[in-house]
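Colleague: Before we look at any details, could you walk me through reading a model of this kind, beginning with a sheet and ending with a single residue?

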Amino acid sequence: MKLIKKITFIIIFLSLNFNAFGAVSGFVDNKDIVQRIAHGIAFNANGTKMFISGSSQNKVLEFDLTVGFDVSTATKNSNECTHSDEDEDVIGLKLSSDGTKMFLIGSDSEAEGIEEYKLDTAYDVSSCDFVTTHFEGEMNIRDIAFNNSGTKLFIYDGTGNDFIKKYSLTSPFNISNATFEQQSTGTSNKTFSQLEGNPQGLAFSSDGSKMYITGHGKDKVQEFNLSTPFDLSNVTKKGGYDVSDDGVEQVSGIAFSSDGLKMFVLDFKTGNKTVSEYNLTCGFGVINCIDPTANKDDVASIETQSETTKKLIQHTTYPVLNRMEWLRRNTGRINLTNQNIKFQFNNEILNSLSDTLIPLYLSNDNSNDLNDQNSSWSFWSEGTISIGKVGDDSASSAKNINTSAITLGADKKGEDNIMRGIALRFGTDDIDVGTLGSALDMSSFGLTFYSSKPKGEQRFTDHLLGMSFINSNLINNSGSASTDGERYGEQLYGSLSLRDTFSKNRLNFTPKLKINYGITHLGAYKETGSTGLNLEYEDQYIGNFTSSLGTSLDNTYDFEVGSFIPYFDFEYYADMSPASKQKFSYVSNGESFTLENIESSTHNFSSGIGFDFISDNGLTLMTKYTRDQAQNHKNDSFIIALDYRGSQRSSYAMSFQDSSAQLSHNKEIDDFKINIDSHYDFFKDDPDYGVYLKISNVN
């Protein structure tokens, strides 16, 4: 008896899980419609209007729904589109995303094709006006579908073994310029005609990862997975839901609600004239839920969160490490205040990175001698604007990256001969994912404590520790539906660098060993916005550990007019960070997924060459070219900057970046400080330019 109870419990448990994870949860209702033989069905975006087409009625009917996508609340209004002059029998209906175009599938032998109508008033079929017929007489069209942007057209061709044909459109919903791309004849060694006799309806999930066909040969809704959204090259059948069990005798058209939690099918048997409504446990999950780990945009969004937080450690520590390198290279300088506003333009496709270094002195204290045991605080800054792109791959969509940040720092040499400092970084990362509108907007605040400790005359140990606080706003757009969420995180990081300079005459050789480490915690969060597609993410921990070995060479040449310091840097660094993973599940039914092995490039090389020129009359010229090479990408950068300080009360700075130039002049007159900044772009048709004037009190 106990064994029977256990077996019964297991069967019930498995049955409950089968129903919970991606299947039709149940028939809800059906609605009688006026159309004699109904074939086509469509809704507006919020489901408050329903449109029905059919044969032998010569009209497209319009219904008002008091509750969106609830057919029990549907009431036919007076709006109708009569199409008898073009075609008496219509077997399909689709609308453009803005509701200003309507496409009917004609079945008359004399008018077989896709009939296009324009609607003078969006989603008002009474304002319909015939435009033209496309593909007239070319094939046995049963239904059509579009991708979300209207740039792809899909035709369910009932000729022979049945085909799904894909066409590209140069402008949204403009069929007149359709260009054939590909076709699918079936899946699993079966043609579509074998899978579903008498083809009727065609539809896609909002993200294009699932395709559905209907027909009254088997009276099922057949579900297929597409390995690449809206791509017919790899179609896999997942199963079929038999609507005949719910009284549908001859299934025809099919449609879904915007969030995919409701499915609608038409019964075109004479005398039935019904539209049936079904609830789904997750968005577009007739047989199975959409697998986010197989969706390139979803994968890219998850990868972006991990990659961006790891890059954040790099972007936060680099300005501090650059500061300590600059101090070593300019040991003999009197003024240790360097204000570097750096603009970076990073594009992996173009393989170019352009930096502008603009030094602006913000302090009038010229007594900051590095060898002075009682030296006062030195102030510095570094700003970054980065524009880049990471290309797509077989599992992840492309990412367009925009990063901007500013780091403000101050340091002071203590009586124990150790340089100590603190730096604050404020940054934002705006990343667009894929082409449907998914995005990550991340803001961060970082606090870093650093020190440079001499171990002799030329040997230094540089160490930093810091923390960052992260706030991310995420948008996951699947086309017709989108979700959004807010995620918080914290980050601890550190870096230890050992460098020893060997000098002969004026030549300095500095080998360097560096270790970067850190850990990031991203908190759990739940998406909102589209009930059937909302995902709930668990906490994620992302480790970061990189080690690097490098060297730099520099030499100082003294001339009558100043000092010339050329230098060369080379560094190899290995990313040995452990792979992270992200667990998440559907809010609607709890089905869980895990994206494993989220990691970055392992081997990286970086090299740079440049020079500093410091003249005795206050002119400073700095240039540097760098190359950062990883396994799958490379970045090039070029820096050139000019700085002129005529006196303690006057300074100039000029920089060039790509085709633009920037000039800054600071001057003190009596008790007033005057600052003038200007910029100009040389080669734009409509150039960006500006002049800014600021007057302030010195005190």
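**Reading a sheet and a loop residue**

Modeller: Four bridges connect β16 with strand β17, residues 210–215, and these two strands run antiparallel. Please keep in mind throughout that this is a predicted model.

Colleague: Which residue stands opposite P199?

Modeller: P199 faces G215, which belongs to β17.

Colleague: In what order do the four strands of the open sheet follow one another?

Modeller: The order is β16-β17-β18-β19, with antiparallel pairing. The edges are formed by β16 (199–204) and β19 (235–242), each of which pairs on one side only. On average, neighbouring strands in this sheet are turned by 20° against each other, if direction is ignored.

Colleague: How many helices and strands does the protein have?

Modeller: The protein has three helices and 46 strands, and 52% of its 699 residues count as buried. Of the contacts between residues at least 6 apart in sequence, 54% join residues at least 24 apart.

Colleague: Where is S258 found, and why does S258 count as partly exposed?

Modeller: S258 sits in the loop between β20 (251–256) and β21 (262–267). Buried means under 20% relative accessible area and exposed means over 50%, so S258, at 21% relative accessibility, counts as partly exposed.

Colleague: Which residues does S258 touch, leaving aside those up to four places away in sequence?

Modeller: S258 touches A45, F69, F284, S480 and A481. Although S258 and A45 are 213 residues apart in sequence, their C-alpha atoms are 6.5 Å apart in space, and a polar atom of the S258 side chain lies 2.6 Å from the backbone oxygen of A45.

Methods: Residues numbered from 1 in each chain as written. Predicted model: local features only at pLDDT ≥ 70, side-chain atom pairs only at ≥ 80, totals over all residues. Heavy atoms only, no water. Pairing = 2+ DSSP bridges. Axes fitted to C-alpha atoms, helices over the stretch in contact; angles between N-to-C directions. Buried < 20%, exposed > 50% of the residue type's maximum accessible area, 1.4 Å probe, protein only. Contact = heavy atoms within 4.5 Å. Polar contact = N/O pair within 3.5 Å; in protein donor to acceptor, adjacent residues only side chain to side chain.
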